[in-house]
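Here's a quick briefing on a protein chain and its ligand. Have a look at the structure first, then we'll go through the ligand site and the overall fold.

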Amino acid sequence: MTGDLVMITGAARGIGRACATAFAAGGADLVLLDVAEEIDGVPYPLGTRSQLEATAALCRDHGVSVTTERVDIRDTAGASAAVGRTLERYGRIDVLVNNAGLVSPSGKPVHEVTDDDWQLMIDVDLTGAFRMMRLVLPGMVRRGSGAVVNIASTAGLVGYRHFAGYVAAKHGLIGLTKAAALDYAPHGVRVNAVCPGSVRDDPDLEGVMLAEIARCLELPGTEHEKTFVATQPTNRLVRAQDVAASVKWLASADATDVTGSVVTVDGGYTVR
Ligand SMILES: NC(=O)c1ccc[n+]([C@@H]2O[C@H](COP(=O)([O-])OP(=O)(O)OC[C@H]3O[C@@H](n4cnc5c(N)ncnc54)[C@H](O)[C@@H]3O)[C@@H](O)[C@H]2O)c1
């Protein structure tokens, strides 16, 4: 992928950081987006400016060009400006990875979910990806090539108790992926989704999502990984690097005929 321009949302930490370094190792130039500040109504800390710059530094170690943008994917104007600056600087976006996502406000049954809780989850986890696609796809269509990879979740395939907003948004993201795959197949642009299962909060990547899921489920702090491992057919948690490898493959020329696919990286969780 040497010389390709890859844009990744939610790149400050976690799976976004794993994806960024995987693409950088393959020689791709990167534009890394993250809100990099707290969002009202989100009950856990989000990525920070210094984490976003740390991801960029790790990528630059591979000798590629990296630009960071502080963008909230709920903000159409901000996202549009970032895409505009990218096209001005690099001339194109070859790959868009819609990774930014929230897992909560969650932890309650449907009748306790407020309008604000619901709006926030859908706005970030579903509409955020839609906004980014709407901004980036016209350039891909003009060039007759491009790939979008949406990071959904096993929550896009099955239900999880007390996570209605997350589950609904991720099911919607898979629907959006399939519809867009059909819209853009005639234009040489592919759209696929990856569904990670329970991903370990790797300290090197500074991810916190599994801990937040555990908090929502009221699982004991230090014990929660064991509980998630017990539900995995493979008897271990998924590595963010394995998710990133699937994302990179879907974005690459090796997946030329793959579009509208939903690739699970879940240790077999959803096949039972
Ligand atoms: N960790 C898991 O177990 C797991 C499992 C399945 C799916 N996923 C999905 O993978 C993706 C990444 O998850 P992660 O575990 O790395 O989480 P994370 O919380 O560690 O990282 C998410 C990043 O997205 C950013 N972000 C959140 N809202 C944003 C917004 N409005 N605009 C821009 N950036 C925003 C955060 O600041 C953070 O840096 C998410 O879409 C998540 O739903 C994660």
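Start at aspartate 34: one of its polar side-chain atoms sits 2.7 Å from an oxygen atom of the ligand. Keep in mind that this is a predicted model. Once the protein is wrapped around it, the ligand has 99% of its 830 Å² buried, that area being what it exposes when taken alone.

**Around the ligand**

- Tyrosine 166 also reaches a ligand oxygen, with a side-chain N or O atom 2.6 Å away.
- Glycine 47 uses its backbone instead, placing an N or O atom 2.8 Å from an oxygen atom of the ligand.
- The elements giving two or more residues to the ligand shell are α1 (14-25) and α5 (164-184).
- There are 30 residues around the ligand, and the ones that come nearest are Arg13, Ile15, Asp34, Asn99 and Tyr166.
- Sorted by class, that shell comes out at 17 nonpolar, 9 polar and 4 charged residues.

**Fold and overall shape**

- The protein chain is built from 8 helices and 7 strands.
- A compact globule of 272 residues would have a radius of gyration near 19 Å, and the 17 Å of this chain agrees with that.
- Along the principal axes, the C-alpha atoms fill a box of roughly 50 × 35 × 35 Å.

**Packing and surface**

- Some 51% of the chain's 272 residues count as buried.
- Among contacts with a separation of 6 or more, 74% link residues 24 or more positions apart.

Note on methods: Residues numbered from 1 in each chain as written. Predicted model: local features only at pLDDT ≥ 70, side-chain atom pairs only at ≥ 80, totals over all residues. Heavy atoms only, no water. Near = heavy atom within 4 Å. Polar contact = N/O pair within 3.5 Å; in protein donor to acceptor, adjacent residues only side chain to side chain. Areas by Shrake-Rupley, 256 points an atom, 1.4 Å probe, with all protein chains shown as cover. Helix = DSSP H or I, 4+ residues; strand = E, 2+ residues; numbered from the N terminus. Nonpolar A, V, L, I, M, F, W, Y, C, P; charged D, E, K, R; others polar. Rg over C-alpha atoms; globule rule 2.2 N^0.38 Å. Buried < 20%, exposed > 50% of the residue type's maximum accessible area, 1.4 Å probe, protein only. Contact = heavy atoms within 4.5 Å.
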